Structures are given as structure tokens and as C-alpha cells.
Amino acid sequence: MGTDFDDPRFTAVGLFAEAFTGLSSRFAAQFEQHRVSPVEFEVLMRLARSPQNRLRMTDLAGQTSLSTSGVTRVVDRMDRGGLIRREACPSDRRSSFAVITDAGLARLDEILPGHLELVQRWFIDQLTPDQLAQMLESLRTIRDAVNPCATAGSSEEDALPAVPGH
């Protein structure tokens with residue numbers, strides 16, 4: 001057998017996965033108390049943090065762990081629940097925006113104090129300020145390499161409708 005199971009690449013990816021899984025399970029229990037799934041929370045946060053509280057459906061798919069059809073299903077479910085709504089894109093009839101509603105923002109206001117407490121306790125407090133800064137820089141580098149669409153639609157310029165002829 002020629003595989004080196006002590007290869008540090010296994011360790012790096014394994015530790016990342018274990019840390020992510022551990023954090024995700026702590027977050028999921030708290031989300032359940034507020035009647036949202038982890039993916040619904042992710043969608044609400046992406047929309048709340050985007051210009052005009054909206055993203056094109058394709059950009060939302062690029063920023064989340066969902067496929068385009070998966071985003072459609074989640075958005076439809078959340079639309080029925082009143083947390084988000086769809087808006088037509090004035091510059092492209094084939095495209096639409098997902099927009100967080102006042103009810104969606106209110107749900108986030110309920111969730112965020114407990115969520116931020118968990119983030120602080122199990123993530124931020126585990127690192128020195130220098131370690132955190134380095135980790136954020138490293139995670140951005142990796143994210144940008146493996147998911148270059150992760151920030152699509154997140155700038156004010158991206159959120160504005162295209163003006164014909166410009």
C-alpha cells in the first residue's frame with residue numbers, strides 16, 4: 001500500500017471539515033428553535049447583507065451551497081412563508097430577484113443574538129485577534145479559488161438594474 005495516510009493534506013482538510021461540522025451542528029440546534037433550517041438562515045443572511053436586501057436568483061445560488069434548482073425550491077418555500085419575495089428583474093425578463101421581507105428581517109432579529117453568542121463562544125473566542133485575521137484572509141483566498149461566484153451581486157453596482165445602451 002503506497003498511500004501515506006499521515007499526509008498533512010488529509011489533516012488540513014480533515015480538521016477544516018471537523019471544525020465546520022462541529023460549528024454547523026451547534027448552529028442547527030439554535031436555528032431549529034426559531035423554525036428555520038440552516039440553508040434558510042444562510043439565504044436570509046445573504047439577502048440581508050446584500051445591497052437593497054436582494055440578489056438575483058443566480059447570484060444567490062452562487063453564494064450558497066445550493067444549485068439553481070435548489071435555490072428555486074428554497075425561495076419558493078420561503079416566499080410562501082412570507083420571509084422573502086420574488087421581484088422581476090427590469091433589465092432581464094429571464095431573471096428575478098429574491099428579496100428579504102420585513103418578516104424575514106424580523107426573524108433574523110430573533111435569531112441573531114443567540115447565533116452571535118454561539119459564533120463568539122465557539123469560533124471567535126477560540127482564536128487570538130491575529131489568528132482570526134489570518135484565518136479570515138486564508139479562508140477568503142480559498143473561497144475565491146474554489147467558489148469565484150461567492151460574491152456575485154454583493155456590490156451596490158451589481159444590484160442596480162442595467163441601463164439599456166450603457
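Here is a short chat about the predicted model shown above.

User: Before we start, how do you know which residue is which, and what gets counted?

Analyst: Residues are numbered from 1 along each chain as its sequence is written. This is a predicted model, so local features need pLDDT of at least 70 and side-chain atom pairs count only at pLDDT 80 or more, while totals for chains, interfaces and linings use all residues; side-chain values use heavy atoms, with hydrogens and water left out.

User: What makes a piece of the chain a helix or a strand here, and how many are there?

Analyst: Helices are DSSP runs (H or I, at least four residues), strands are too (E, at least two), and the numbering goes from the N terminus. The protein chain has seven helices and three strands. From the N terminus on, they run α-α-β-α-α-β-β-α-α-α.

User: Why is H34 called buried?

Analyst: Buried means under 20% relative accessible area, exposed means over 50%, and partly exposed is in between (1.4 Å probe, protein chains only). H34 has a relative accessible area of 15%, so it counts as buried. You'll find H34 in the loop between α1 (8–33) and α2 (38–48).

User: And how do you know what H34 is in contact with?

Analyst: Contact means heavy atoms within 4.5 Å. Leaving aside neighbours within four places in sequence, H34 is in contact with R107, E110 and I111.

User: Is Q33 buried or exposed?

Analyst: Q33 sits in helix α1, and its relative accessibility is 61%, so it counts as exposed.

User: What about Q30: buried or exposed?

Analyst: Q30 lies in helix α1 too, but at 8% relative accessibility it counts as buried. Once neighbours within four places in sequence are set aside, Q30 is in contact with I111, G114, H115 and L118.

User: Which label do R35 and N53 get?

Analyst: R35 is in the loop between α1 and α2, and at 58% it counts as exposed. N53 is in the loop between α2 and β1 (54–56), and at 25% it counts as partly exposed. Phi is positive for R35, near 65 degrees, in a residue other than glycine. Phi of N53 is positive as well, near 55 degrees, again in a residue other than glycine.

User: What makes a pocket a pocket?

Analyst: On a 1 Å grid over the protein atoms alone, a pocket is an open set of points where a 1.4 Å probe fits, with protein on both sides within 12 Å along at least five of seven lines; lining residues have an atom within 4 Å of a point. The largest pocket is lined by 43 residues, and F20, R46, F123, L136 and L139 lie nearest its centre. Helix α1 gives the largest share of that lining, 11 residues.
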